[in-house]
Amino acid sequence: MANSKYEYVKSFELKDNLLPQTWMVLRIDGCHFHKFSQAHDFEKPNDECALRLMNECAVDMLMEFPDMVFAYGVSDEYSFVLKRTSTFYQRRASKIVSLTVSFFSSTYVMKWSKFFPHKELQYPPSFDGRVVCYPSSSILRDYLAWRQVDCHINNQYNTCFWMLVKSGKSPKDAQNRLKGTQTQDKNELLFQEFGINYNTLPEIFRKGSCVLRKEVEEIVKHSEAGDPVRRPRKKIVVQHCDIIGNKFWDEHSYLLSD
Ligand code: GTP
Ligand code: MG
């Protein structure tokens with residue numbers, strides 16, 4: 001069919017293919033979740049149900065998009081790593097971001113009542129998204145370490161802040177009490193004033209959440225004698241562990257190999 005005289009408008013569409021052979025990292029972040037968490041009365045500083053809801057959405061993302069090899073989440077954000085060789089949507093940035101963010105948002109809404117059976121969703125939550133390419137595994141690891149350090153700094157601060165406020169201080173006084181304090185000072189404060197050992201708080205709060213495919217032994221059936229029959233299965237799992245040091249990456253070297 002002959003082109004119509006209007007066809008030229010297509011030439012205004014710009015190509016946005018991302019660099020080949022690089023790690024594409026998609027980060028989604030809850031839009032105005034400060035307000036959203038208040039509207040839904042999330043526990044402060046951490047609401048475990050809200051975090052688990054985010055984690056389950058991330059698991060669904062890995063199921064839906066096989067090129068995603070790893071995800072790391074904290075608070076209202078999640079980062080998804082797409083394998084280096086991925087040709088998902090010809091690596092077109094706007095396609096990748098729009099599709100995955102809308103999938104994540106609708107999954108969040110669908111699963112809401114499972115995690116909050118007694119809380120009605122007050123309004124539709126939304127997420128923003130961006131995708132960035134990292135040219136080497138080492139820079140990709142630095143990116144993930146950056147997010148986990150952020151998780152630690154924010155969580156430690158927020159834990160102190162809310163303990164002070166819950167004990168009767170005004171938000172302003174709590175803020176002033178924490179001004180200029182280092183990690184060690186905050187651990188001391190929690191221990192001396194509230195008897196809390198920071199390192200024993202739940203790992204999901206302190207370390208954030210990792211989502212990955214892993215070979216696990218599963219009971220697939222029972223023999224006639226009643227013994228469990230186990231088989232290795234690839235499963236998507238959620239873990240709360242350190243991803244800054246080498247240990248995790250040595251134990252899961254397949255995640256970053258081609
Ligand atoms: P934008 O992302 O810029 O739209 O703003 P935002 O309000 O979402 O802030 P940001 O993403 O920087 O931070 C996330 C905010 O969500 C936190 O500051 C908290 O206010 C809120 N939030 C996230 N997780 C929890 C939680 O488990 N409990 C509570 N109470 N609040 C949470
Ligand atoms: Mg946000």
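What follows is a short chat about a predicted model of a protein.

Q: What do the numbering and the letters follow here?
A: Residues count from 1 along each chain as its sequence is written, while chains are lettered from A and ligands numbered from 1 in the order in which they are written. Because the model is predicted, local features need pLDDT of at least 70 and side-chain atom pairs count only at pLDDT 80 or more, totals for chains, interfaces and linings use all residues, and side-chain values use heavy atoms, without hydrogens and water.

Q: How many helices and strands does the protein have?
A: There are eight helices and six strands, taken as DSSP runs numbered from the N terminus (H or I of at least four residues for helices, E of at least two for strands).

Q: And what order do the elements come in?
A: From the N terminus the order is β-α-α-β-β-α-β-α-α-α-α-β-β-α.

Q: How much of the protein counts as buried?
A: Of its 258 residues, 41% are buried, where buried means under 20% relative accessible area, exposed over 50% and partly exposed in between (1.4 Å probe, protein chains only).

Q: Switching topic, what box do the C-alpha atoms fill?
A: Along the principal axes, the box is roughly 75 × 65 × 40 Å.

Q: Where does Lys95 lie?
A: Lys95 belongs to helix H3, which covers residues 93-115.

Q: How exposed is Lys95?
A: Lys95 has a relative accessible area of 34%, so Lys95 is partly exposed.
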